[in-house]
Amino acid sequence: MAKLPIPQEIVSAATRIIYSGFPELRGSTLLQKRSDAKSNHDHIRGRLMLEPRGHREMYGALLVNETELTATGEADIGVLFLHNGGYSTMCGHATIALGRFLVDFDAEACPDLFPTRNLRLDEQTMTTTIKLHCPCGVVPITVPVVNGPHGRLQSNPERPVSFINVDSYATGIDIEITLPEAHRWPELGARTRLTADFCYGGAFYCIVDAEQLGFDDGLKSADNMDALSRATGSLKTALSADPQYKPFFQHSVEQDLGFLYGVIVRDRNRGVPAEGAAGAEVGLCFFGAQQVDRSPCGSGSAARRALAHAKHMWPPEQKWTYHSLLSGACGGVGGFTTHVVGKSTDGQDVPGSAGETVRVQVEGQAFYTSFATFLAEAADGISASGFLL
């Protein structure tokens with residue numbers, strides 16, 4: 001059905017990159033193509049992300065050659081992001097993986113993929129840049145390269161890939177949230193309120209300290225994963241159901257981007273800074289249908305760095321490392337390092353933002369794990385759309 005190379009970040013759930021075999025999507029814009037995928041081909045998303053070909057935490061990236069921005073030259077290629085519950089608007093760990101793949105793929109073996117590919121080498125930095133059209137906007141990816149056989153450029157796995165995210169900003173700082181009885185969890189005890197932040201980095205996030213959820217030991221390990229999932233799921237449901245919180249995850253331009261994508265549980269007492277970073281923290285991101293991000297969450301890292309900027313916590317140029325539970329447990333290997341590289345592209349703050357709108361650079365690594373071809377037989381009635389147990 002679809003041939004899938006699977007680059008995987010050192011701390012990430014696999015990014016399954018779909019580059020062949022997916023039906024042609026209808027629509028002239030990337031968001032229209034995303035709508036067509038959701039309405040008419042969602043069974044293929046389930047087939048590729050869920051069991052038996054995938055699993056609950058699988059993540060996907062569907063390459064789209066033609067979008068309204070590739071037509072104008074503003075982007076080189078488009079992408080749609082897939083997960084266990086639907087379609088993301090941005091994904092940093094997949095963007096890092098795509099950077100390497102789009103440099104390395106064999107254009108002669110797969111001529112229909114990326115027909116506008118034209119890699120330009122910066123000889124001083126030994127990098128090339130690819131402009132990726134994500135549902136949230138254009139994201140330039142800087143990929144370190146080496147000169148490979150026959151004069152072809154190849155990505156350099158020993159150096160990190162970086163991208164400059166779309167405009168990122170805080171939408172709510174220190175917001176008090178009242179939880180109805182139906183949306184509380186045991187660890188809260190007698191409390192009926194908590195305090196959290198909201199921010200945007202290509203997708204909208206609620207950022208909450210572990211202690212606010214009732215987990216006084218923070219994010220020591222994965223021992224509390226089920227309880228944390230229950231708590232964040234209840235919090236997300238409560239926020240999405242109450243109209244007073246909707247302005248914190250409402251996009252000023254595109255209605256399709258206006259939803260609460262994830263809840264990130266934060267532990268500021270843990271984390272090993274990467275080289276050159278002033279500090280670090282650990283976060284646990286629940287998104288989609290309570291999918292757990294193995295990576296530090298690239299769009300979430302950009303959103304959290306914009307949130308820190310809005311709180312005037314550090315100078316813009318100061319680097320900060322964000323970890324997942326996995327990278328935090330691996331001695332700091334695999335964290336994402338961020339810093340603010342400038343203000344919004346148009347110099348304007350977004351309506352509804354609670355702080356300055358900034359561009360954030362996110363840096364991390366990705367590694368190949370395998371290549372695969374997936375099949376679907378007409379008589380297979382159980383796995384035709386995938387399943388979760």
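**Second largest cavity**

I looked up the second largest cavity, which has a volume of about 60 Å³. It is lined by Tyr-59, Met-90, Cys-91, Gly-92, His-93, Tyr-205, Tyr-261, Phe-287, Asp-293, Cys-297, Gly-298 and Ser-299. H4 and H6 are the elements that give two or more residues to this lining. By class I noted 7 nonpolar, 4 polar and 1 charged residues in the lining of the second largest cavity.

The model is predicted: local features need pLDDT of at least 70 and side-chain atom pairs count only at pLDDT 80 or more, while totals for chains, interfaces and linings use all residues. Residues are numbered from 1 along each chain as its sequence is written, and side-chain values use heavy atoms, with hydrogens and water left out.

Terms for this entry:
- A cavity is a set of points, on a 1 Å grid over the protein atoms alone, where a 1.4 Å probe fits but cannot get out; a pocket is an open set with protein on both sides within 12 Å along at least five of seven lines; lining residues have an atom within 4 Å of a point.
- A volume is the space filled by probe spheres set on the grid points, which are joined across faces, edges and corners.
- Nonpolar covers Ala, Val, Leu, Ile, Met, Phe, Trp, Tyr, Cys and Pro, charged covers Asp, Glu, Lys and Arg, and the others, Gly among them, are polar.
- Helices (H or I, at least four residues) and strands (E, at least two) are DSSP runs, numbered from the N terminus.

**Largest cavity**

I found 2 cavities of 30 Å³ or more in the structure. The largest cavity has a volume of about 80 Å³. Its lining residues include Arg-266, Arg-268, Glu-281, Trp-314 and Tyr-322. Helix H6 (residues 298-310) gives the most to this lining, with 3 residues. The classes in the lining of the largest cavity are 6 nonpolar, no polar and 5 charged residues.

**Aromatic rings**

I went back to Tyr-59, Tyr-205, Tyr-261 and Phe-287 from the lining of the second largest cavity. With Phe-81, these residues form one aromatic cluster. The structure holds 12 aromatic pairs. Rings of Phe, Tyr and Trp (its six-membered ring) pair if their centres lie within 6.5 Å; planes under 30 degrees apart count as stacked, over 60 as edge-to-face and the rest as tilted.

What is the geometry of the Tyr-59 and Phe-81 pair? The pair is tilted, at 6.4 Å centre to centre and 40 degrees between the planes. Tyr-59 is in strand S3 (residues 59-64) and Phe-81 in strand S4 (residues 77-82), 22 residues apart. Both Tyr-59 and Phe-81 are buried (under 20% relative accessible area; exposed is over 50%, partly exposed in between, with a 1.4 Å probe and protein chains only).

I also looked up Phe-198 and Phe-248: the ring centres are 4.9 Å apart and the planes at 10 degrees, so the pair is stacked. Phe-198 lies in strand S11 (residues 193-200) and Phe-248 in the loop between helix H5 (225-241) and strand S13 (260-267), so the pair ties together parts 50 residues apart in sequence. Phe-198 counts as buried at 0% relative accessibility, and Phe-248 is buried with a relative accessible area of 16%.

**Nonpolar cores**

A nonpolar core is a set of buried Ala, Val, Leu, Ile, Met, Phe, Trp, Tyr and Cys residues joined through side-chain atoms within 4.5 Å. The largest has 90 residues, and Phe-81, Ile-177 and Leu-235 have the most contacts inside it. Helix H4 (residues 92-104) supplies the largest share of this core, 7 residues. I noted a second, separate core of 17 residues that includes Leu-48, Met-49, Val-64 and Phe-374.

**Pockets**

The largest pocket holds about 630 Å³ of space. Of its 27 lining residues, Cys-136, Gly-137, Asp-167, His-251 and Val-253 lie nearest the centre. The lining has 14 nonpolar, 7 polar and 6 charged residues. Helix H1 (30-40) is one of the elements that supply at least two residues to this lining.

The second largest pocket has a volume of about 430 Å³. Among its 17 lining residues, Phe-22, Glu-24, Leu-63, Val-64 and Asn-65 are the closest to its centre. S3 gives the most to this lining, with 3 residues.

**Ser-383**

Is Ser-383 buried or exposed? Ser-383 counts as buried, at 4% relative accessibility. Ser-383 lies in the segment after strand S19 (366-374). I listed Arg-47, Pro-52 and Arg-53 as the residues Ser-383 touches, not counting those up to four places away in sequence (contact means heavy atoms within 4.5 Å).
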